[in-house]
Amino acid sequence: MTEQQPHRFERGTDGPKVIVAGLDGSDSSMRAAAYAAGLARRQNAMLALVYVQPVITAGAALGVPVSDTTGEVAEDLVSEIRAATERFSDAWDMRWEFHTFRGDPYNGLVTAADELKADAVVVGASESAGHRFVGSVAVRLVKAGRWPVTVVP
């Protein structure tokens with residue numbers, strides 16, 4: 001016969017510890033980042049903003065400095081995020097990091113979520129009509145079934 005232990009309440013142990021938000025500069029990704037920031041603030045979680053630098057071999061073959069361009073996008077995103085956090089620093093305090101990964105958006109976000117030990121992933125809804133046929137990054141993340149995924153319109 002097993003003796004039942006009284007239930008102990010644990011304060012502050014539920015909820016996500018790391019929330020990954022995919023960011024590419026599109027309006028939907030910026031809304032997703034804002035939504036994820038609110039979640040992270042309320043849950044006292046780390047917000048990991050992730051930009052996946054595309055690997056475009058065709059552009060590189062034509063002499064286009066692709067890594068310079070995607071690096072500039074990442075720098076612009078970091079500047080925009082820092083400016084936003086400074087504007088709201090008096091209203092709320094939260095922990096956040098910015099990460100860049102290389103590859104296609106889906107595999108880059110999967111790698112980021114795995115390496116950062118994400119408890120949740122937040123992405124913007126696809127703004128591309130072609131994704132109805134191929135499948136958006138958000139749909140592929142949901143189908144992977146490895147984290148709770150929130151898709152922000």
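**Helix α4 and its surroundings**

The buried residues of helix α4 pack against strands β1 (18-22), β2 (46-53), β3 (96-102) and β4 (120-124), and against helix α6 (137-144), where contact means heavy atoms within 4.5 Å and buried means under 20% relative accessible area, exposed over 50% and partly exposed in between (1.4 Å probe, protein chains only). Helices (H or I, at least four residues) and strands (E, at least two) are DSSP runs, numbered from the N terminus. The model is a predicted one, in which local features need pLDDT of at least 70 and side-chain atom pairs pLDDT 80 or more, while totals for chains, interfaces and linings use all residues. Residues are numbered from 1 along each chain as its sequence is written, and side-chain values use heavy atoms, with hydrogens and water left out.

Helix α4 spans residues 105-115, and its buried members are Y106, G108, L109, V110, A112 and A113. At the start of the helix, a side-chain oxygen of D104 comes to within 3.2 Å of the backbone nitrogen of Y106. Just after α4, K117 adopts a positive phi of about 55°.

Because R146 sits in the loop between α6 and β5 (149-152) and D114 in α4, the pair ties together parts 32 residues apart in sequence. Both partners are partly exposed, R146 at 45% relative accessible area and D114 at 37%.

Across the chain there are six helices and five strands, in the order β-α-β-α-α-β-α-β-α-α-β from the N terminus.

Key:
A polar contact is a pair of N or O atoms within 3.5 Å; within protein, one must be able to donate a hydrogen and the other to accept it, and residues adjacent in sequence count only if both atoms are side-chain atoms.
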